[in-house]
Amino acid sequence: MARAKPTESDLIRDRRWLAAAARLAERARPLSRPNPAVGCVLVKDDRVIARGWTQTGGRPHAEQMALTVAGDAARGCTAYVTLEPCAHDSARGPCCAGSLAQAGVVRVVVGCPDPDPRTAGQGNAMLRAKGVDVVELACEASRLSLAGYLTRAAKNRPFVTLKLALSIDGCIAMASGESQWITGPDARAHTHLERSRHDAILIGAGTLRADAPRLDVRLPGLEPRSPERWVLTHGNAPDGWRALHDPADLSPLSPAQYLFVEGGAGTAAAFLAADAVDRLLVYRAPIVIGGGRTGVADIGVSSLAGAHGRWTLRDTRRLGEDTLEEYVRTA
């Protein structure tokens, strides 16, 4: 017998639970690499039965974690999963599509198809073949939570965030080079939180020589999530660092899924000119420097028309006295 088509209220509820699963997935980032950071929520009668997210090193998967927590209570549940459940067994664990069906889950709502050719539609097909109702619901929250995994699959490079800490007039430092501190403590704490969400961080050789930054995470409990340190240079990297020679070729960063670029102006310009930036974080302090060092060097834009239409403001918020603007690529 054909299953009833989901109503609009069903879809609203499904999107809400998928958004909750996407928030869970953030707990896995970036420790799940090389696997994607996935979230899963098991729901019955609009009540959460169990939750899961990909564990360190990629196993257990989010679905397996949730099923283990739920036990027999998984029978009759709907599973909300940010990424299509895997369809292949491995030495590290069984496939999630088979496990969901075996546990008695009756409905699976998937927020994003898996580009991995070992799954790529086969996970959903396996579930349907076992009598499970599968809803493929395009979910922006799911895609955003998987940005690093999807970018690596599509472009063979990490998802790149460029961070800029600027004065109102767009300076990152005084003319003398003094830059500590442009922004206040709340903005700096948020930067450390962002570092913890990336598996690699990069600065230019000039910034490394001038500031010798630690680039670690200094938030209580998140210190182990300090990212791997990279420097953009034509030469060799010092001890404890790795060298990247060309922003147009980010293959040396494999298997990193998320790269955080912190400075300085030349490095920012190099990544923008190479069209290798997916997200901008602009921390703006309520100060005017005048005659200071600009945040981004020349990137070769020859007309204003060419500069428009590339970025969309996704979020803005206050961080103490400072303002954070988040932009994502639109072209």
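Author: The centres of domain 1 and domain 2, taken over C-alpha atoms, are 33 Å apart. The model is a predicted one. In the domain assignment, domain 1 covers 8-149 and domain 2 covers 158-329.

Reader: How many residues of each domain are in contact?

Author: On the side of domain 1 there are 15, and they meet 11 residues of domain 2.

Reader: What area is buried between domain 1 and domain 2?

Author: The size of an interface is often given as the accessible area lost when the parts come together. Here the buried area is about 1200 Å², with 47% of it from carbon and sulfur atoms. Of the area that domain 1 buries against domain 2, 52% comes from Arg29, Pro30 and Arg33, more than from any other three residues.

Reader: How many salt bridges are there between domain 1 and domain 2?

Author: The count is 2. Polar contacts are counted separately: 9 residue pairs across the interface of domain 1 and domain 2, with both residues at pLDDT 80 or more.

Reader: Which helices supply at least two residues each of the side of domain 1 that touches domain 2?

Author: They are α5 (140-145) and α6 (147-155). The largest share of that side, 3 residues, is from α6. Sorted by class, the side of domain 1 that touches domain 2 holds 8 nonpolar, 3 polar and 4 charged residues.

Key
Residues are numbered from 1 along each chain as its sequence is written. This is a predicted model: local features need pLDDT of at least 70, side-chain atom pairs count only at pLDDT 80 or more; totals for chains, interfaces and linings use all residues. Side-chain values use heavy atoms; hydrogens and water are left out. Domain bounds come from an automatic or database domain assignment. Contact means heavy atoms within 4.5 Å. Buried area is the accessible area (1.4 Å probe) that two parts lose on being put together, summed over both. A salt bridge is a side-chain nitrogen of Lys or Arg within 4 Å of a carboxyl oxygen of Asp or Glu. A polar contact is a pair of N or O atoms within 3.5 Å; within protein, one must be able to donate a hydrogen and the other to accept it, and residues adjacent in sequence count only if both atoms are side-chain atoms. Helices (H or I, at least four residues) and strands (E, at least two) are DSSP runs, numbered from the N terminus. Ala, Val, Leu, Ile, Met, Phe, Trp, Tyr, Cys and Pro count as nonpolar, Asp, Glu, Lys and Arg as charged, and the others, Gly among them, as polar.
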